[in-house]
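Open the model in your viewer and keep the selection panel at hand. The tour goes stop by stop.

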Amino acid sequence: WMGKNLYWADTGTNRIEVARLDGQFRQVLVWRDLDNPRSLALDPTKGYIYWTEWGGKPRIVRAFMDGTNCMTLVDKVGRANDLTIDYADQRLYWTDLDTNMIESSNMLGQERMVIADDLPYPFGLTQYSDYIYWTDWNLHSIERADKTSGRNRTLIQGHLDFVMDILVFHSSRQDGLNDCVHSNGQCGQLCLAIPGGHRCGCASHYTLDPSSRNCSQICHQPDDPR
C-alpha cells in the first residue's frame, strides 16, 4: 500500500513477481531455488517480503522486497498454507496443513510457539488486535482466538464452503512509511522497499540506466526470466 505495488507468488512457474497496481512494469523478483511458493506476507515499513514453500523441503523464507538477500527462517515445517504478520508485536503466524496447527515465531523465525494444535483443517489466516482469525475446511467455519495463547476460541461464522483466504482491513495494519510513499521514490517504474531505503526496479527486459532511477530496454537473456 505504500509503494502501490502488487506482489504475487505463482506456483505454476515457481516465481514471485511484482507490478504496479494497474499491472504495468511487471518484474520477476525471485525464481532461483524457489520450490512451490504458496503464501506471501509483506512488511513494507521494514522492507521485507515473507513467503512459504511447499516443495521437497517446505520452509518459510524472507527476502528484501526487491527479491534479494533470501534467507530461510523456518525449515522444520509442514505445508505452511497461509502466512500473516502481526505488525504491532512483530511476529509471524502461519497455518500448517500437515500438523493441523497454527504456529508463531518472531520475525527471524525464532521464539517459535504453537498457538493452536487441535484444529481439524486450518486454512486461511489473518491477525488483528489481540486475535487471530482463521478458516477451517473441515468445520466450514471462520474462528477467532487469542493470538498468544489460542484460548477464548469463538465461532465467527459457520455453514461456509471452502473459504480460500481471510483478511482484515484496518488502518492499524497499514501504518508506517517508507521511501516509496513520496513520488514513487523518484523511480521511473518500480520503487521497491529494502531495509533502510529503497531500490528502483524495471519491468522484465528493461534495466536501470546510470541514474539508477529510469529504465532502458535490453535484449532478453534466455536463462533469465527477468
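In what order do the 3 strands of the open sheet run? The order is 1-2-3, with antiparallel pairing. This is a predicted model: local features need pLDDT of at least 70, side-chain atom pairs count only at pLDDT 80 or more, and totals for chains, interfaces and linings use all residues. Residues are numbered from 1 along each chain as its sequence is written, and side-chain values use heavy atoms, with hydrogens and water left out.

Select 5–10 and 27–30. These are strand 1 and strand 3, the edge strands, each pairing on one side only. Strands are DSSP runs of E, at least two residues, numbered from the N terminus; two of them pair if DSSP finds at least two bridges between them.

Look at Asp10: opposite stands Arg15.

Next, select Phe123 and Trp137. Their ring centres are 4.0 Å apart and their planes at 15 degrees, so they are stacked. (Rings of Phe, Tyr and Trp, the last by its six-membered ring, pair with centres within 6.5 Å; planes under 30 degrees apart are stacked, over 60 edge-to-face, the rest tilted.) Phe123 is in strand 12, Trp137 in the loop between strands 13 and 14.

Include Tyr121 to complete the aromatic cluster of Tyr121, Phe123, Trp137 and Phe162.

Last stop: Arg144 lies over the face of Tyr131, 4.0 Å from the ring centre. The criterion is CZ of Arg or NZ of Lys within 6 Å of the centre and within 35 degrees of the ring normal.

Terms used:
Helix = DSSP H or I, 4+ residues; strand = E, 2+ residues; numbered from the N terminus.
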